[in-house]
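Work through the exercises below with the structure open. Each task is followed by a solution in steps.

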Amino acid sequence: MALEFTDANFEEEVLKSEKPVLVDFWASWCGPCQMMSPVIDEVASEIGDVAKVGKLNVDENAESAQKYGVMSIPTIIMFKDGKNVKQLVGAQAKEVLVEELKNV
Amino acid sequence: MKDLIILGAGPAGLGASVYASRYQIKHVILGEEVGGYLNEIHKIENYLGFEAISGMELGMKMKAHVESLGGTLKQETALKIEKIEGGFKVTTNKEEYQARSLLYAIGTSARKLNVEGEKEFLGKGVSYCATCDGPFFRNKKVVVVGGGNSAAMAALMLAEQSNNVTLVHRGKELSCSPNYFDRMKNSEWITIEYNKNIARVEGANVVERIILKDEKDEEIVVEANGIFVEIGSIPNQQMLVDLGVEINKNGFIVTDQAQLTSIEGIYAAGDITTNSNGFRQIITAAAEGAVAALEIFKRLK
């Protein structure tokens, strides 16, 4: 299962993580986000211990979404050593995400 | 081998499944997104039985209805369709499925503007889904491109949270329904620009302004942080074209009154077909799905 990221745990869980982190920015009003949700869970189980994978609800965690300039959802950002290293807009295939995450 | 594979989980595919279940047609629905394009509709006010409902909620209700009758939905992406002995084989990103018949109902995708800055600012102010991304533009200036119902709906929705919405239309008259037009005209927050095209999208890191061109080729600058593109759709028919199914000059799948395509055993329903007089509505999609299910039932018997 994917983790849940929030404004409160973002620094600890994402920015200070020793492993790369995938963050899925989503909201309940967004249809394509609903479609991505199970895909993100699959990415989490497939990638195993190599990276962290989680979801961030932009409605409840506006600060993080704003900080990274999220203006369209779903947006997926991959972080490494606290930096935004890859940003993907729109729904993505699981294979693409796993591959990108392995390579960040 | 199943009786039927339904490709697409929008109103056409789900509508077909309801009838297929009642006719005891063994089937599976393969779709990327339950509800399909419904999910991008902020408010639906023209589907019989619902005075006003969000697209996503209606999609969820349709899904629940399908599942209550025993329909199986798989969130998978179909990649290839092949003709096999006695039917068809569909390969998805996860599995392979075989069935005696096929209903193709995967709808359409948003048409792009193809102007400078559109790709570059995707997710930075350029959007194809006002329902998804509108909330990020609260109290900001936005532009909506298009003249049909989708554009009108987007403008009206955006005007609920922004006091500066500019609708840009290339023609001299909108094609949206009169009630949308009246609501836009009565909104103090919506301005309509006729006879103008989008020349390009500009900004530093995010969208800052939209450059329009009028019929004299003169440029007009509109300050805006968001641009919502609602200029129609293009049919996702490639997999059927590869099989040799006939399409019309606009790319829609040619179907007969019973939703049969030019290939025996392959049916199509919803926004992707030439039926319902090109009136791409939820009610017509669901109806085409129902008609197809009946025909498939007759053929399997």
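**Exercise 1. Which residue forms a salt bridge with Glu45(B), and how far apart are the closest N and O atoms?**

Step 1. Apply the rule: a side-chain nitrogen of Lys or Arg within 4 Å of a carboxyl oxygen of Asp or Glu.
Step 2. The partner is Arg183(B), with the closest N and O atoms 3.3 Å apart.
Step 3. Domain 1 of chain B covers 2-109 + 233-300, and domain 2 covers 112-229. These bounds come from an automatic or database domain assignment.
Step 4. Between these two domains the count is one salt bridge.

A note on the source: this is a predicted model, where local features need pLDDT of at least 70, side-chain atom pairs count only at pLDDT 80 or more, and totals for chains, interfaces and linings use all residues. Residues are numbered from 1 along each chain as its sequence is written, chains are lettered from A and ligands numbered from 1 in the order in which they are written, and side-chain values use heavy atoms, leaving out hydrogens and water.

**Exercise 2. Describe the contact between domain 1 and domain 2 of chain B.**

Step 1. Take the C-alpha centres of the two domains: they lie 31 Å apart.
Step 2. List the contact residues (heavy atoms within 4.5 Å). Domain 1 gives seven residues and domain 2 gives nine.
Step 3. Find the buried area, meaning the accessible area (1.4 Å probe) that two parts lose on being put together, summed over both. The two domains bury about 660 Å², 43% of it on carbon and sulfur atoms.
Step 4. Glu40(B), His42(B) and Glu45(B) supply 62% of the area it buries against domain 2, more than any other three residues.

**Exercise 3. How many residues does each chain bring to the contact between chain A and chain B?**

Step 1. Chain A brings 17 residues and chain B brings 20.
Step 2. The buried area is about 1,600 Å², and carbon and sulfur atoms give 64% of it.
Step 3. In chain A, Trp29(A), Met35(A) and Met71(A) lose the most area to chain B, together 45% of what that side buries.
Step 4. Count salt bridges between the chains: there is one. Lys94(B) pairs with Glu42(A) in a salt bridge, the closest N and O atoms being 3.0 Å apart.

**Exercise 4. Which residue in β14(B) stands opposite Arg209(B)?**

Step 1. Strands here are DSSP runs (E, at least two residues), numbered from the N terminus. Two strands pair if DSSP finds at least two bridges between them.
Step 2. Strand β13 (residues 207-213) of chain B is joined to β14(B) by five bridges, running antiparallel.
Step 3. Opposite Arg209(B) stands Glu223(B).

Note on methods
Helix = DSSP H or I, 4+ residues; strand = E, 2+ residues; numbered from the N terminus.
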